[in-house]
Amino acid sequence: MNHRNIAFLRIVSLAVLIVGTTSLASAQALNSGAQPIALNATLAESLTVNLSANAVNFTLAAGTAANPGSTNITATTAWVLKPGRTQVVVDAYFASAAAALTDGAGDNIPSSAFYISDNAGASAPLVNTVAFGAANAGLQLASVAIIAGNRNANRTDQMAFNINLTGGTLPQLPANTYTGTLNIQAQATP
Amino acid sequence: MVDRFTTIRAVVALGFLCTLGSFSARAQVLNSGASTIALKANLPESVSLSLSANAVNFALSPGSAANPGSTSITAATSWTLRPGRIAVSVYAFFSSSASALTDGAGDNIPSSSFQISDNGGAFTALTNTVPFGGANAGLQLASVFVLFGNLQGTRRDTMNFNLNLSALPNLPAGTYTGTLTIQVQVI
């Protein structure tokens with residue numbers, strides 16, 4: 001048997017020894033007891049509305065239909081909801097249908113004369129009863145169906161405003177400064 | 001005269017015999033058989049693990065990468081081993097990689113979003129297959145090479161926890177619960 005064969009046999013023997021040792025060690029593995037750690041992670045529900053601005057001015061022309069607001073306002077609605085919620089709505093509303101804006105002297109601009117165009121859509125008056133505010137003093141800007149893929153999501157509503165002074169007695173609206181508060185609010189249901 | 005001489009010789013002879021008998025008695029000391037007592041002391045192998053606490057809470061922020069656990073937990077491992085052992089390894093694992101934590105309504109946080117920093121090291125997700133738990137649901141916290149000098153030994157692993165929700169931007173609100181298990185194996 002030459003030196004090459006001897007070396008080969010030594011290598012084979014060593015490999016067999018290593019494999020055998022490894023197998024033996026695996027078979028005799030010693031384990032500790034399993035120690036559990038309880039994990040509790042809470043992702044709270046949230047629903048928020050942020051506005052790009054909080055004031056709009058109007059320069060009124062008596063009896064005219066087009067009295068646009070000085071600026072558009074974007075409402076960004078964001079939500080993180082639990083399973084089971086099916087809808088998110090965004091509403092604009094006044095506290096009174098009869099007196100959305102008033103001069104404080106008994107002269108009022110009703111909510112029916114106040115229009116909003118949402119995301120460049122058609123202008124619509126605030127004449128509906130929505131989840132918030134007074135009866136017939138609101139407008140639903142958006143309704144989002146909630147599914148598994150959008151329980152954590154957001155949307156934006158860019159609102160353009162107009163006051164239409166052509167209806168009813170509004171052509172006779174006296175000159176004055178009329179002020180009011182328009183509210184934007186979101187609701188997730190059920 | 002003859003009788004007297006004879007008597008003296010008899011006395012001397014008797015004395016000699018007594019002395020000889022005494023030496024002979026010493027040479028014949030009597031021993032019992034050796035009774036053996038078999039001694040057997042067994043120091044069994046052991047490996048134990050204890051945790052400084054058993055619960056961690058997380059206040060999650062949607063889509064955020066950093067949602068740290070409320071507390072760190074230290075795992076203290078002790079071992080007494082036979083010669084021939086080569087390594088002590090500490091593992092953290094979940095039983096399932098897909099649902100390490102769940103809200104019970106089908107919404108899950110996978111083990112790949114659960115991270116551990118061991119002894120101040122980098123945060124690492126539980127994405128490996130280890131001797132315990134589900135496939136791709138574990139992390140080896142430590143591996144100690146065993147030599148003659150540390151057949152008895154201890155080590156401590158202080159674990160900080162984090163839930164990375166950056167890959168789960170649509171996770172719904174809810175309470176997610178799960179069980180992380182720490183276990184040690186000696187080979």
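Biologist: Where in chain A is Asn136(A) placed?

Modeller: First, this is a predicted model, in which local features need pLDDT of at least 70, side-chain atom pairs count only at pLDDT 80 or more, and totals for chains, interfaces and linings use all residues. Residues are numbered from 1 along each chain as its sequence is written, while chains are lettered from A and ligands numbered from 1 in the order in which they are written. Helices (H or I, at least four residues) and strands (E, at least two) are DSSP runs, numbered from the N terminus. With that in hand, Asn136(A) sits in the loop between strand S9 (123-125) and strand S10 (138-145) of chain A.

Biologist: Why does Asn136(A) count as partly exposed?

Modeller: Here we count C-beta atoms, placed from the backbone: a residue is buried if 20 or more others lie within 10 Å of its own, exposed if 12 or fewer, and partly exposed in between. Asn136(A), by the way, has a phi near 60°, a positive value in a residue other than glycine. It counts as partly exposed because its C-beta neighbours inside 10 Å number 19.

Biologist: And in chain B, what is the phi of Asn136(B)?

Modeller: Asn136(B) lies in the loop between strand S8 (124-125) and strand S9 (138-145) of chain B. Asn136(B) is partly exposed, with 18 C-beta neighbours inside 10 Å. Although Asn136(B) is not a glycine, its phi is positive, about 60°.

Biologist: Which residues is Glu45(B) in contact with, leaving aside neighbours within four places in sequence?

Modeller: Contact means that two C-beta atoms, placed from the backbone, lie within 7 Å. Glu45(B) is in the loop between helix H1 (2-27) and S1 of chain B, and is partly exposed, with 13 other C-beta atoms within 10 Å. The C-alpha atoms of Glu45(B) and Arg82(B) are 6.4 Å apart, though 37 residues separate the two along the chain. The contacts are Leu30(A), Thr80(B), Leu81(B) and Arg82(B).

Biologist: Which element gives the largest share of the side of chain B that touches chain A?

Modeller: Between the chains, 40 residues of chain B are in contact with 27 residues of chain A. On the chain B side, strand S1 (46-51), strand S2 (55-60) and strand S11 (174-186) each supply at least two residues. The largest share, 13 residues, comes from S11(B).

Biologist: Which residue in S11(B) stands opposite Asn31(A)?

Modeller: Two strands pair if DSSP finds at least two bridges between them. Strand S1 (residues 30-31) of chain A and S11(B) do this in the antiparallel sense, over 2 bridges. Opposite Asn31(A) stands Gln185(B).

Biologist: Which residues touch the most other members of the largest nonpolar core?

Modeller: A nonpolar core is a set of buried Ala, Val, Leu, Ile, Met, Phe, Trp, Tyr and Cys residues joined through C-beta atoms within 7 Å. The largest one has 71 residues. Ala41(A), for instance, has contacts in chain B that include Phe58(B), Leu60(B) and Ile109(B). Those touching the most other members are Ala41(A), Ala100(A), Leu126(A), Ala92(B) and Ile109(B).

Biologist: What ipTM does the predictor give the complex?

Modeller: For chain B, pLDDT (the predictor's confidence in each residue, from 0 to 100) averages 89, and 85% of the residues score at least 70. The complex has a pTM of 0.75, and its ipTM is 0.81.
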